[in-house]
Amino acid sequence: MSNVINTPEGTRDRLFSECADRRRVQDALTGLFDQRGYSEISTPEMEFYDLFVQSGTLLPQESFVKVVDRSGKLLVMRPDCTVPIARVAATKLKAVPLPQRLYYNETVFRSGLAHQGGNYETAQCGVELIGAAGLEADVEVIALAIESLQAVCSCPFHIELGHVGLFRSLAGELELPPQMVETMRQLIEGKQFAALNDLLAPHRNKPAYAMLSRLSRLFGGAEVLERAEELVGKRPQVDYLRQLYQQLKERGYESCIRFDLGLVHQLDYYTGVIFRGYAVGAGAPVLSGGRYDNLVEKFGRKAPAVGFAVDADAVAACAAQPPEKHRLRVALTKGRLQEQSVELFEAMGLDCAPIRDPGRRLIHQLPNYPLDAVLAKAPDVITYVEHGVCDMGIVGKDTILEKGSSFYEVLDLGLGRCRFALAVKQGNDFYGTYKTRRIATKYPEVTRSFFAQKGMDVEIIKIEGSVELAPILNLADAIVDLVETGATLRENGLVPIEDVAQISARLIVNTASMKLYRAEILDFIGKCEMELSKRHD
């Protein structure tokens, strides 16, 4: 039967109450923007692909939904509202005096991974203040962001502030190559505490080390600013955040403001203050914004700018959920890693009897610590954490590398240590030919990335069972697989010739949960770190 009666993956029909819920959010936001003196603007749903390449957008190009017009030019369904508005401000509105206060109520289109439960279509409402620089403009927009969530959120929320200039300044003092700076930025943004410490270890004697090594942990209330100055002294970016806070506090918004000095989005897009909004019930930020002073100039008009966007659908979904008392929930990978995780928890003083004797229960409540556990296959652990139904998860780095991540990878627990290895038949000269090699693996994304870094073309065959069988049957020239002792390889006449990556279990945390339940999650992380340090002593 034809599938034309269904909707494409990532899209869906919205009926009745869903339409009403979305419209209520949109009407409340656009009404507020009107009251604050912003004028509506609408841009096409399709734009030239080159527009976003020229802008230096922070969106990965694989997320663009691409279309080819009748002349053969490559178009994209609008993945972002800010870039097209910057184009309009620099061209059609070039004669209009600055500053310009603009708002939009549009749908953006971004493709995601298959079967991840995400939408390709997202309703966004937002504002852009173009042609205004400085503290007053930032205060105006951040205050409007808070008022926006107050207007549409029936659940608790807060706005977090950061400043990209702080990271840029500190990183510059280390005099690192650009690639290492980008790696450090990703580790800080992803709150990969252990990996960040390893990267920075050679620079312990430099003044910026103390701050950079702690940057991913510096989030919370106004005390974060004091802590930052204790670590690195007076910094203009920290002082600017304090001025912002004081201005917002005087307007009555103190309870809505938090800080995260580890907010270090794409450095060539944002230029100053950046901020995100988190609401209880949403597994990801519901609001995102910041200052981007160089974007409009790329289309021919020099104009500083700041703005934000609200995810109308995410906010509407939060409002539809009844409030409930929150208990932390962790997803554990079934099997040997589950047993090792339980042993770690028990060493931390947690009573894991409900996990050891689960019966038919699917959620296991620990009696002496506010934590619930669920048991899942490794890929499902990541899915549960990404969607926010579990606040934390313990999963192998192999699964993270294969599936990708949109969560914080906070700790290397050191459990289940092994490695990804490239293995061949004994005597096979794998690199001694220009022939395109065929690789069998359960991990096609890891394998593709490994050989892409080498500049090698390979054919990848995904195997679900015993990968070692593929070279024996001459289906493949080599395999990429997890190796612990190498005994299985040896028994089948295979030898590892190169390590692809070191693997161990990681503690991962949902991005919104980390901010909404900061104290509880940091307490749990602290217990883990304390026990791990004992094992290393």
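**Figure 1. His 203 in a loop between two helices.** In this predicted model, His 203 is found in the loop that runs between helix 7 (193-200) and helix 8 (209-214). Because buried means under 20% relative accessible area, His 203, with a relative accessibility of 12%, counts as buried. When its neighbours within four places in sequence are left aside, the residues in contact with His 203 are Leu 174, Leu 176 and Tyr 209.

Figure 2. Strands of a sheet pair through backbone hydrogen bonds, and the pairing may be either parallel or antiparallel. Strand 7 (residues 157-163) and strand 9 (residues 257-260) run parallel and are joined by three bridges, and here Leu 161 has Phe 259 of strand 9 as its bridge partner.

Figure 3. Strand 10 pairs with strand 11 in the antiparallel sense over four bridges, with Gly 277 standing opposite Leu 287 in strand 11. Strand 11 and strand 12 likewise pair in the antiparallel sense, over five bridges, and Gly 289 stands opposite Phe 308 in strand 12.

**Figure 4. Strand 23 and its antiparallel partners.** In strand 23 (residues 505-509), five of the five residues are buried, so the strand is largely enclosed by the rest of the structure. Ala 505, Leu 507 and Val 509 point one way from the strand, while Arg 506 and Ile 508 point the other way, and all are buried. Strand 16 (residues 392-396) runs antiparallel to strand 23 and is joined to it by five bridges, and in this pair Ile 394 has Leu 507 as its bridge partner. Strand 17 (residues 408-412) pairs with strand 23 in the antiparallel sense over four bridges, where the bridge partner of Glu 409 is Ile 508.

**Figure 5. Asp 372, a buried residue of strand 15.** Asp 372 has its place in strand 15 (residues 371-376), and with a relative accessibility of 7% it counts as buried. Leaving aside its neighbours within four places in sequence, Asp 372 is in contact with residues including Arg 327, Arg 329, His 364 and Gln 365.

**Figure 6. The second largest pocket.** The volume of the second largest pocket is about 580 Å³. The pocket is lined by 28 residues, of which Arg 336, Asp 398, Cys 418, Tyr 443 and Leu 482 are the closest to its centre. Among the elements that give two or more residues to this lining are helix 12 (336-347), helix 15 (397-403) and strand 21 (478-483). Sorted by class, the lining consists of twelve nonpolar, nine polar and seven charged residues.

Technical notes:
Residues are numbered from 1 along each chain as its sequence is written. This is a predicted model: local features need pLDDT of at least 70, side-chain atom pairs count only at pLDDT 80 or more; totals for chains, interfaces and linings use all residues. Side-chain values use heavy atoms; hydrogens and water are left out. On a 1 Å grid over the protein atoms alone, a cavity is a set of points where a 1.4 Å probe fits but cannot get out, and a pocket is an open set with protein on both sides within 12 Å along at least five of seven lines; lining residues have an atom within 4 Å of a point. Grid points are joined across faces, edges and corners, and a volume is the space filled by probe spheres set on the points. Ala, Val, Leu, Ile, Met, Phe, Trp, Tyr, Cys and Pro count as nonpolar, Asp, Glu, Lys and Arg as charged, and the others, Gly among them, as polar. Buried means under 20% relative accessible area, exposed over 50%, partly exposed in between (1.4 Å probe, protein chains only). Contact means heavy atoms within 4.5 Å. Two strands pair if DSSP finds at least two bridges between them.
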